[in-house]
Amino acid sequence: MLICIDPGHGGKDPGTIGRSMTPEIYEKQIALSAGLILGGFLNHYGFDVCMTRSEDKYRWLVNRVRFANKRHADIFISVHVDGVESSLPHGFCSYYYPESTHGKMVADTIMERLRDQRYDLHGEGSKPKHERNFVLKYTRMTAILLELGFVSNSQDLKNLMDPIFLSDMIIEIAETIKHFPGR
Ligand SMILES: [Zn+2]
């Protein structure tokens, strides 16, 4: 089984910005660290892994989609962190494409596992991402998008920048994927 990991943003596109630390933290940094950790664990569990980017490089969304489709990946996991004006929202959330029942199942299972492990969640369950979300819409395999936390929230940002916190959380996500049957 081939899993395509898509660390969001990169290069000239920093993504959302965490301003409660000096220097500021960019979403693209956390997405890449988390993506590489996730890829490492999944590889260790015996999955084939491909990455849409493994360095700080800008990639068009269409190229990320084409990359995953061409390789016939079985699951596509886009890795992001959230950021909003207010510093209040916090917690992890997983998203799926509105019409994808398998995507919803994977996204839900990850949320449930993280809840069981007492991770802070943003809302009750996984959510459908807007149907215009490009990578979820055009990838032909089961696709989910993870928002690991809010860089606009200082506690979330602190957690996400803590390598132990981050890898502990990613292990739970990798464990969920490990127990999931194919498509
Ligand atoms: Zn993002």
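**View 1. Pro23 in the loop between β2 and β3.** Pro23 is found in the loop that runs between strands β2 (17–18) and β3 (25–26); strands are DSSP runs of E with at least two residues, helices are DSSP runs of H or I with at least four residues, and both are numbered from the N terminus. The peptide bond from Thr22 to Pro23 is cis, with omega near -5 degrees. This is a predicted model, in which local features need pLDDT of at least 70, side-chain atom pairs count only at pLDDT 80 or more, and totals for chains, interfaces and linings use all residues. Residues are numbered from 1 along each chain as its sequence is written.

**View 2. His9 in the loop between β1 and β2.** His9 lies in the loop between β1 (2–7) and β2. Although His9 is not a glycine, its phi is positive, at about 60 degrees. Most residues other than glycine have a negative phi, and most peptide bonds are trans. His9 is buried because 23 other C-beta atoms lie within 10 Å (buried, 20 or more other C-beta atoms within 10 Å of its own; exposed, 12 or fewer; partly exposed, in between; C-beta atoms are placed from the backbone).

**View 3. Arg118 in the loop between α3 and β7.** The loop between α3 and β7 (127–128) contains Arg118. Arg118, a residue other than glycine, has a positive phi near 65 degrees. With 7 other C-beta atoms within 10 Å, Arg118 is exposed.

**View 4. Thr109 in helix α3.** Helix α3 (residues 101–116) includes Thr109. Thr109 is partly exposed, since 17 other C-beta atoms lie within 10 Å. Between Thr109 and Gly125 the C-alpha to C-alpha distance is 9.2 Å, and the two are 16 residues apart in sequence.
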